Amino acid sequence: MQREGADKQNMQVSDFLCDFCGRAWNGTFPLIEGHEGSLICGNCLTVAYTHIVIQRDEARYAGATCTMCLEEREDPMWQSPVREEAFACRRCLRQGGTRLHKDPDWQWSKPEAPEGADTSDGDEED
Ligand SMILES: [Zn+2]
Ligand SMILES: [Zn+2]
């Protein structure tokens, strides 16, 4: 998102904020864009990806709209612990993770599932 009251004719780096933690950009950490100027930083993406994609958190929020794609999704969603109105759906997290992983400008890697963890689809058993 953009900082409230930012001068659209003269945007500064710090006028771009992560929608999920509210952190202002300073050019030194990855920030990727969704629809309508929505933004997620590398830190939030790591946390969200770990919960939803790796650990398969099945959290669903009735009526919630994904901040990144602006769709009401039936996918599991990650809710920002800091900004409760911000959600990211599993599809956007997967896409965002793949995009940022491949981006040569940033040293960001997709979180990995722990060794031996079953990451296949289906119910997990002990
Ligand atoms: Zn963030
Ligand atoms: Zn989405």
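**Entry 1. Helix H2**

I looked up the buried residues of H2 and found Arg90, Cys92, Leu93, Gly96, Gly97 and Leu100. I took buried as under 20% relative accessible area, exposed as over 50% and partly exposed as in between, with a 1.4 Å probe and protein chains only. These residues lie on the same side of H2, because they cover an arc of only 155° around the axis. The arc is that of the directions from the helix axis to the C-beta atoms. An α-helix has 3.6 residues a turn, so residues three or four places apart point the same way.

I noted that this is a predicted model, in which local features need pLDDT of at least 70, side-chain atom pairs count only at pLDDT 80 or more, and totals for chains, interfaces and linings use all residues. Residues are numbered from 1 along each chain as its sequence is written, chains are lettered from A and ligands numbered from 1 in the order in which they are written, and side-chain values use heavy atoms, with hydrogens and water left out.

Helices (H or I, at least four residues) and strands (E, at least two) are DSSP runs, numbered from the N terminus. I checked the length of H2: its 13 residues should span 18 Å at 1.5 Å a residue, and its end C-alpha atoms are 18 Å apart, which agrees. The expected span is 1.5 Å times one less than the number of residues. The buried residues of H2 pack against E1, E2, H1, E3 and E4, where contact means heavy atoms within 4.5 Å.

I also looked at Thr98, which is in helix H2. Thr98 is partly exposed, with a relative accessible area of 30%. Its C-alpha lies 8.8 Å from that of Ser109, 11 residues away in sequence.

**Entry 2. The nonpolar core**

I took a nonpolar core as a set of buried Ala, Val, Leu, Ile, Met, Phe, Trp, Tyr and Cys residues joined through side-chain atoms within 4.5 Å. The largest one has 29 residues, and Phe20, Ile40 and Leu93 have the most contacts inside it. Two or more residues of this core come from each of E1 (31–33), E2 (39–41), H1 (42–54), E3 (77–79), E4 (87–89) and H2 (90–102). H1 gives the largest share, 7 residues.

I then listed contacts, leaving out residues up to four places away in sequence. With that exclusion, Ile40 touches Cys18, Phe20, Pro30, Leu31, Ile32, Leu45, Met68 and Leu93. Leu93, in helix H2, is buried at 1% relative accessible area. Leaving aside neighbours within four places, Leu93 is in contact with Ile40, Leu45, Ala48, Tyr49, Ile52, Val53, Trp78 and Ala88.

**Entry 3. The zinc sites**

I counted as donors N, O and S atoms within 2.8 Å of the metal (3.2 Å for Na, K and Ca); water is not among the atoms, so sites may look incomplete. Four donors count as tetrahedral if all angles lie between 85 and 135 degrees. Ideal angles for four tetrahedral donors are 109.5 degrees. Cys18 is buried, with a relative accessible area of 0%, whereas Cys21 is partly exposed at 26%.

For the zinc ion (ligand 2) I found the SG atoms of Cys66, Cys69, Cys89 and Cys92 as protein donors, 2.2 to 2.3 Å away. The spacing of these donors is C-x2-C-x19-C-x2-C. Angles of 103 to 118° among the 4 donor atoms make this site tetrahedral. Cys66 and Cys69 are buried.

**Entry 4. Single residues**

I checked two non-glycine residues with positive phi. Glu36 has a phi of about 55° and sits in the loop between E1 and E2. Glu36 is exposed, at 73% relative accessibility. Leu70 has a phi of about 60° and sits in the loop between H1 and E3. Leu70 is partly exposed, with a relative accessible area of 43%.

Last, I looked up Asp15, in the segment before E1. Asp15 is buried, with a relative accessible area of 8%. Not counting residues up to four places away in sequence, Asp15 touches Met1, Gln2, Arg3, Ala6 and Asn10.

How values were computed. Four donors count as tetrahedral if all angles lie between 85 and 135 degrees; four count as square planar and six as octahedral if opposite donors are over 155 degrees apart and all others between 65 and 115; anything else is irregular.
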